[in-house]
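The tour moves by selection, with a note on what to find at each stop.

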Amino acid sequence: MVDVAIVGGGPAGLSAALFAAKNGLETVVFDTDESWVHKAHLFNYPGIRSISGDEFLTLTRGQAEDRGAIFHDVEVTAVEQSDDSFVVSTDDDDHEADYVVLATGANRDLATDLDCEFTDEDVVDVNLDMETSLEDVYATGAMGRAEKWQAAIAAGDGAAAVLDILSKEKGEYFHDFDTPADVPDL
């Protein structure tokens, strides 16, 4: 069993993976590499002057992998609650996790299957920490926003979800703040 299973490898999913793995949570990401960011060119992402969507995804995935996230390039066919955990299913295997972060863009099928509550705008109802009506299930990016889709917002949603998970795991509010002395040798 892993700590966090992330479904989706766009900005929200990769941000969640980076923060989770960097902070010692066993993290697995399921990604079909179909993010809309492949079609983008980022000029307005903080800290980036200009980068293709493809390059952004490659670099960000590499960061998450460097910190310990494990990637499975497969489609998730189902997510089900099982006692105190969740089972994430693919055509080939089942994976158990304590927390699930849904980062599937505007595709809300898994949230629907989990019986997460939706808003009147037909998006997943989340709190400020991106947690759904189902405890320990988070919905990020376009899943919880009607037509307000942007890479920086999605990445922030992924970070917010994992900071909430880390706070739960540590039993107190967790702040991810690094100093120059924290920079690992890569």
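This is a predicted model: local features need pLDDT of at least 70, side-chain atom pairs count only at pLDDT 80 or more; totals for chains, interfaces and linings use all residues.

Residues are numbered from 1 along each chain as its sequence is written, and side-chain values use heavy atoms, with hydrogens and water left out.

**Salt bridges**

The structure holds eight salt bridges (a side-chain nitrogen of Lys or Arg within 4 Å of a carboxyl oxygen of Asp or Glu). Helices (H or I, at least four residues) and strands (E, at least two) are DSSP runs, numbered from the N terminus.

Select D178 and K22. Their side chains form a salt bridge with an N to O distance of 3.0 Å. D178 sits in the segment after α4 (151-170) and K22 in helix α1 (residues 11-22), so the pair ties together parts that are 156 residues apart in sequence. For accessibility, buried means under 20% relative accessible area, exposed over 50%, and partly exposed in between (1.4 Å probe, protein chains only). D178 is partly exposed at 42% relative accessibility, and K22 is partly exposed at 30%.

Next, select K168 and D136. In this salt bridge the closest N and O atoms are 2.8 Å apart. K168 belongs to helix α4 and D136 to the loop between α3 (109-113) and β9 (137-139), so parts that are 32 residues apart in sequence are tied together. K168 is partly exposed at 32% relative accessibility, whereas D136 is buried, with a relative accessible area of 16%.

Now select R61 and D73, whose side chains meet in a salt bridge (3.0 Å, N to O). R61 is in helix α2 (residues 53-66), and D73 is in the loop between β5 (70-72) and β6 (76-82), twelve residues away. D73 counts as exposed, at 54% relative accessibility.

Select residues 85-90, strand β7, where five of the six residues are buried. Strands pair if DSSP finds at least two bridges between them.

- On the β6 side, six bridges join the antiparallel strands β6 and β7. S82 stands opposite S85 in β7. The two strands form a hairpin with two residues between them, and D83 in the turn has a positive phi of about 55°.
- On the β8 side, four bridges join β7 to β8 (residues 94-102), again antiparallel. F86 stands opposite A97 in β8. The hairpin from β7 to β8 passes through three residues.
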